[in-house]
Structures are given as C-alpha cells and as structure tokens.
Amino acid sequence: MNRTQARKIINGAAAVGDLHALFYFVEMTLPASLRPPSGAATMAASYPAGWVPVVPLAPDPDAARHYVHLMLELMASANRGRGIVLSVELTAPDILEDCGVRWYVWGEPIPALVDAVCPVCGGVRRVAVGAVLDCCPASLAPLGVGAGMYAGQWWGGA
Ligand SMILES: [Zn+2]
C-alpha cells in the first residue's frame, strides 16, 4: 500500500469516527528460501513468534506512523542479511483474526495463554486468558447470543 492509498483510508476512517479501528503492522516479504511449505511470500511480521505487534492509529495517526517505523527498523535490524523486505501496512483487528493471526498492541503485554478444554466436544485449544472459547457450534448453541465460555468456564448462560 502506498502512502496516498493509506492516507485515503485514514482520512475516510477519521471522517466517520472509525480511526480507532485501524492499526499499523509490519508486513514481510520473504525470499524463496525462507517461505513456509504453503509458499506464502508475504505475511505479517511477528515478534515474539506467533504474535503480531500492531500500532493503533488513534488518537494521532502521524505519531503512530513514526512509532510503527521505529518497530520496522528494529525488525529490519534483527533480520539484516536475510533478504526479508519489510513494509508498513494498515489493518483492522477483525481482518487479522479472520486470517488466524494473534496480535497485540506493541508495547503492551502479550496476553497469557491457557489450554482450554471444551466441555461439549472435548476439543483443546490454546487461547488467551479471558478469550471466549468458541470451540464448536455446539459449545455456543445452548447459551444464546453473546454467550460462550470464558477461559474454560461457562459464562453468560446457566
Ligand atoms: Zn467444542
């Protein structure tokens, strides 16, 4: 995404009060030798492994841009000589989650993870403390809208 495209998205979001829904992250383009078996060439840069740091644009998108470029330089420094190309991109948390990405706001603690066991199907999933365990449709069906399991405990239902 070039800077003009980014500016249009940011201005549009700010105009309708949605700036809080935008985050910067660093995307990496991998050389062929470092690509995963899927062959994916680009992905969100993570640190530590499996966690993508993001920088919220609100309340000051210009400050956020400077901040995310500092993050990019740290990642570039740690990966110098590996042929990885880094760039700053925009996203929203729901897009990251739809892609199965775990993210955190850079500078804030990473959520602790627990193994949660679904009492309906017995499935085990590693989730952040406090996350809703939406393991399977049957785990949510008895509880109704807005309910689910909370860090391995039932909540919002009987
Ligand atoms: Zn389940």
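Helices (H or I, at least four residues) and strands (E, at least two) are DSSP runs, numbered from the N terminus. The structure is a predicted model, in which local features need pLDDT of at least 70 and side-chain atom pairs count only at pLDDT 80 or more, while totals for chains, interfaces and linings use all residues. Residues are numbered from 1 along each chain as its sequence is written.

The predictor's confidence in each residue is given as pLDDT, from 0 to 100. The protein chain has a mean pLDDT of 81, and 85% of its residues reach 70 or more. Among its elements, H2 has the highest mean pLDDT (95), and strand E10 (residues 153-155) the lowest (41). Over residues 142-158 pLDDT stays under 50, and for this stretch the model has 33 contacts beyond four places in sequence; two residues are in contact if their C-beta atoms, placed from the backbone, lie within 7 Å.

As for the overall fold, the protein chain holds 4 helices and 10 strands, which follow the pattern α-β-β-β-α-β-α-β-β-β-β-α-β-β along the sequence. Of the contacts between residues at least 6 apart in sequence, 45% join residues at least 24 apart. Buried residues account for 15% of the 158 residues. Here a residue is buried if 20 or more other C-beta atoms lie within 10 Å of its own, exposed if 12 or fewer, and partly exposed in between, with C-beta atoms placed from the backbone.

The interior comes next. In soluble globular proteins, nonpolar side chains tend to be buried together. A nonpolar core is defined as a set of buried Ala, Val, Leu, Ile, Met, Phe, Trp, Tyr and Cys residues joined through C-beta atoms within 7 Å. The largest such core in this model has 15 residues, and those with the most contacts inside it are Phe23, Tyr24, Phe25, Val26, Val54, Val55 and Val68. At least two residues each are supplied by strand E1 (23-29), strand E3 (51-56) and helix H2 (61-78), with E1 giving the largest share, 5 residues. Leaving aside residues up to four places away in sequence, Val26 touches Ala45, Val68, Met71, Leu72, Met75, Leu86 and Val88.

Met28 is buried, with 20 other C-beta atoms within 10 Å. Beyond four places in sequence, Met28 touches Thr42, Met43, Ala45, Ile84, Val85 and Leu86. Met28 and Met43 are 15 residues apart in sequence, yet their C-alpha atoms are 5.6 Å apart in space.

H2 has 18 residues and reaches 26 Å from its first C-alpha to its last, close to the 26 Å expected at 1.5 Å a residue; the expected span is 1.5 Å times one less than the number of residues. Pro61, Ala64, Val68 and Met71 are buried in H2. Seen down the helix axis, these buried residues fall within an arc of 75°, so they line one face of H2; the arc is that of the directions from the helix axis to the C-beta atoms. Their cover includes helix H1 (3-15), E1, E3 and strand E4 (85-91). On the other side of H2, Asp62, Ala63, His66, Leu70, Glu73 and Ser77 are exposed. H1, in turn, has 13 residues and spans 18 Å between its first and last C-alpha, close to the expected 18 Å. H1 is hardly covered, with a count of 0 buried residues.

Most residues other than glycine have a negative phi, and most peptide bonds are trans. The peptide bond from Tyr47 to Pro48 is cis, with omega near -5°, and Pro48 lies in the loop between strand E2 (42-44) and E3. A cis bond also runs from Ala58 to Pro59, with omega near 5°; Pro59 belongs to the loop between E3 and H2. Just after H1, Gly17 takes a positive phi of about 75°. Arg82, in the loop between H2 and E4, is exposed, with 12 other C-beta atoms within 10 Å.

Further along, strand E6 (residues 113-117) and strand E7 (residues 124-128) pair in the antiparallel sense over 5 bridges; pairing requires that DSSP finds at least two bridges between two strands. Asp115 stands opposite Arg126 in E7. The hairpin of E6 and E7 has 6 residues between the strands, and in this hairpin Gly122 takes a positive phi near 85°.
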